[in-house]
Amino acid sequence: MANFVEQMVARRKALGISQKDLAEISGVSLRTINAFENGSANPTLDIVEALLAPMGLTLTIAERVKND
C-alpha cells in the first residue's frame with residue numbers, strides 16, 4: 001500500500017496540486033487526504049477513485065499470475 005500512496009503523492013505534487021486543492025476538486029475532506037497520505041487511514045475504494053480522477057489516474061485490478 002505504501003508504494004501506491006507514494007505514487008499518488010508524487011502525481012499530485014507533479015501536477016502542482018496541494019492537498020487542499022485535491023480536497024476541493026475531489027470532494028474528499030482534507031483531513032482524510034492528509035491521513036491517507038501519512039499512512040494513518042485506509043480509505044474505501046470510492047474515496048480512492050475520487051482522489052485519482054482529478055489527477056487523471058484510474059485504479060485497475062488485475063489477476064496475479066502464479067509462476068510454477
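Contact is taken here as heavy atoms within 4.5 Å. The structure is a predicted model, in which local features need pLDDT of at least 70 and side-chain atom pairs count only at pLDDT 80 or more, whereas totals for chains, interfaces and linings use all residues. Residues are numbered from 1 along each chain as its sequence is written, and side-chain values use heavy atoms, with hydrogens and water left out.

The protein contains four helices and zero strands, where helices (H or I, at least four residues) and strands (E, at least two) are DSSP runs numbered from the N terminus. Its pattern along the sequence is α-α-α-α. The C-alpha trace spans about 45 × 25 × 20 Å along its principal axes. Of the 68 residues, 28% are buried; buried denotes under 20% relative accessible area, exposed over 50%, and partly exposed in between (1.4 Å probe, protein chains only). Among contacts between residues at least 6 apart in sequence, 52% join residues at least 24 apart.

The largest nonpolar core comprises 13 residues, and Met 8, Leu 22, Ile 33, Phe 36, Leu 51 and Met 55 have the most contacts inside it. Such a core is a set of buried Ala, Val, Leu, Ile, Met, Phe, Trp, Tyr and Cys residues joined through side-chain atoms within 4.5 Å. Two or more residues are given to this core by each of helix 1 (2-14), helix 2 (19-26), helix 3 (30-37) and helix 4 (45-52). When residues up to four places away in sequence are not counted, Leu 22 touches Arg 12, Ile 17, Gly 27, Ile 33, Leu 51, Pro 54 and Met 55.

Ser 26, located in helix 2, is buried, with a relative accessible area of 16%. Its side chain reaches the backbone oxygen of Leu 22 at 2.6 Å. A polar atom of the Ser 26 side chain also lies 3.2 Å from the backbone nitrogen of Val 28.

Val 65, by contrast, is found in the segment after helix 4 and is exposed, with a relative accessible area of 68%. The C-alpha atoms of Val 65 and Lys 20, which are 45 residues apart along the chain, are separated by 39 Å.

Technical notes: A polar contact is a pair of N or O atoms within 3.5 Å; within protein, one must be able to donate a hydrogen and the other to accept it, and residues adjacent in sequence count only if both atoms are side-chain atoms.
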